[in-house]
Structure formats: C-alpha cells, structure tokens
Amino acid sequence: MPAQGDAPAPPPRPIRIDKVVATVNDSAIMWSALRTNTFGKLRLLEARYGRVRPEDIERVSREELEDLIDLHTMAQAAKTFGVYTPDQIETFFRRDLERDEQEQIRDFGSHQAWNQALQNAGRTWQTYVSEQRVDKLAKYAEEFSVDMRLQRQSNLFLTPRMLRETYEREQGRFVRPAEAIVALVVFAGPDAASQAETAAAAWRQEDVSSRELAARYPGALATDNVIASRLQLPELAEWALAGPQGNVSAPIGSGGKVQVAKVMSYLPARNGRFEDLDVQDELRLMCHRGVVEEFRKQALERARQRTEVWRAQGPW
C-alpha cells in the first residue's frame, strides 16, 4: 500500500491495439494496415530530408488511405461486374488461396513453421485470409474490367493516328539535349587545391554523398541537385553534359576556391524521329499503358458506384 500522504498512482494509460479508419461496404480498413502502408514512404522521406514533418505524415497517410479504399472498392466490385457469378469467384479465390498455402508450407518447411512466421509478424491465419481476399478479388476485378477488355479490343486502340498524336505531345521525350544533375564540393583556404585532389580521387573510388565527402575537410561546402546547364563555370557545364553518370571531375579553380563535381544522374541527348523503330516501340508501349490506365479508371469509377465508403476523422 502507498505510504500515508503519497499521491495515488495514476491509472495505466490505454494502449491502442487497432482501430477502424475506413469501411467500404462491410469491409473494414484497419489502422495497422494503413500504418504498414505508410511506413516505407515515411522512411524514404526521412532518409531524403533528415526528418518527417507532421504535415508529411498527414499527407502520406491520407494518400495511402485513399489507395487502400480504392483496393477494397475494386475487391468489393469483383462479384458485381457480371463476368462470373459470385459463387464462381469464391471458387477461384479458394483455389488460389489453397495454392498459396501449399507454396508457403513448401517454402517454410511445414505448416507449423509457417504459422510461427505469421505470429512473428503479428498476423494470424484469419488476418492472412482477409488480406488475401482483398488483394485477390481486386486483382480479379481488374482482370475482368481491364485485361479481358484489352484482349477483345486492343487492335482498335493502337492506331497510327494515336501514335502520331502521342509523338507530337511527348516530343520532348524523343528529341532533347543532354541533361545532367551534379553534386559539388567546394574547397577554400591555402590547402584547397591539395584537398580537392585528394577528395576527387576518393570520390572516384567511394560511393559517398557530397555532404559525407565535404565533412572530411574543414570548411568544405557541399551542394546537391545542381542542373548542369545552370552551372556558373562553362567548362564544368560542358564536362557534366558529356556524362556519364558517376563521372568525377578534376579539381577546377575559380575565384580563389576549388571545386570538384560528380555527375549524379545523366540523360544523353536524343534525336528520335517518328519513323525510327525504337521510337515506334516506345510509342506503342506508352499508348498501351495509357489505354490500360484509362480502362482502370473506368473500372474503378464503376466499382465506386457499387460501394459505400466511410472514413474516420483523422488524425489517427
């Protein structure tokens, strides 16, 4: 018992296990699923910018929630597109689920080992089946509404006129000057020249960022994501636009300072004509992707008309 006069201990704080953040008809989207989907993007933002702002978390969470809602919407609509009966689709799902189960057992060595792997990941057989149902039914819906439609009508869409219009609209993709993005490390002081020589040699051998390289030399400054055509030194811009990616310049002195550059990304010049075979192949692929995306949008819109969505108020 607490000593006389001591304040009572505060009650234990509740620990959130999970919660529903949205529903699509009778299908629930859980906070844990949303958290899993946002984790990768937030880690990339943190790696790129050094931190993740609250508004970034809010934006990414909203975007991922809408993607999950679309996935569940397509899954819900799979049985209403009219290609197969609901009983047939359920048979497809059970067949594919059994096939996946056998593959997992084979990969893990036994049913018990696979169950243990699910538990280690915080999942159960029931949650696994629920996840697979959404994923597979959404895949069926896309197959019914996109793939089968393409098989029947693909020859009607990739017309010479479409290819020509795509070429004219995307001409900058086929006819362009060379482009390069460089990183710079600038050295100053009496040892600038020798430091730049040493740094350039190291940069050719080591896969380090400009900031990591600059940190080795007191007073050195790093700059990333510089467009080569905007570099102040014409000779450095000409060098960068010759490529290739990963090339490191010799030290270049200017204004009492010495700088070393590295080509971080490079796109060579191109003068592709409409008649060129590689241009034709690329145009066909672009047009095909455009048709697929349009069919997918139409299918999703049809699916949305068959579903009712509820969203919880954030933040979650």
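His-72 is found in helix α2 of this predicted model, where helices (H or I, at least four residues) and strands (E, at least two) are DSSP runs numbered from the N terminus. His-72 is buried, with a relative accessible area of 9%; buried means under 20% relative accessible area, exposed over 50%, and partly exposed in between (1.4 Å probe, protein chains only). Leaving aside residues up to four places away in sequence, His-72 touches Val-24, Ser-27, Ala-28, Ile-29 and Val-134, a contact being heavy atoms within 4.5 Å. Residues are numbered from 1 along each chain as its sequence is written, and side-chain values use heavy atoms, with hydrogens and water left out. Because the model is predicted, local features need pLDDT of at least 70 and side-chain atom pairs count only at pLDDT 80 or more, while totals for chains, interfaces and linings use all residues.

The secondary structure of the protein comprises 11 helices and 9 strands. The radius of gyration is 28 Å, well over the 20 Å that the globule rule gives for 316 residues, so the protein is more spread out than a compact globule. This radius is taken over C-alpha atoms, and the globule rule is 2.2 Å times the number of residues to the power 0.38. Along the principal axes, the C-alpha atoms fill a box of roughly 90 × 75 × 45 Å. Of the 316 residues, 34% count as buried. Among contacts with a separation of 6 or more, 68% are accounted for by residues 24 or more positions apart.

A nonpolar core is a set of buried Ala, Val, Leu, Ile, Met, Phe, Trp, Tyr and Cys residues joined through side-chain atoms within 4.5 Å. The largest such core has 22 residues, of which Met-74, Phe-93, Leu-137 and Tyr-140 touch the most other members. Two or more residues of this core come from each of α2 (54–77), α3 (86–108), α4 (111–120), α5 (125–157) and α11 (277–304). The largest share, 8 residues, is given by α5. With residues up to four places away in sequence not counted, Tyr-140 touches Ile-89, Phe-92, Phe-93 and Asp-96. Apart from this core lies another, of 17 residues, including Ala-199, Ala-202, Val-248 and Val-260.

Several residues were examined for backbone geometry and position. Phi of Asn-25 is near 55 degrees, a positive value in a residue other than glycine. Asn-25 is found in the loop between β1 (20–24) and β2 (27–30) and is partly exposed, with a relative accessible area of 35%. For Asn-225, phi is likewise positive, near 55 degrees, but Asn-225 is found in strand β5 and is exposed, with a relative accessible area of 65%. In the loop between α9 (210–214) and β5 (221–227) is Gly-219, which counts as exposed at 59% relative accessibility. The C-alpha atoms of Gly-219 and Ala-192, 27 residues apart along the chain, are separated by 9.5 Å. A cis peptide bond, with omega about -5 degrees, joins Gly-243 and Pro-244. Pro-244 is found in the loop between α10 (234–240) and β6 (252–254).
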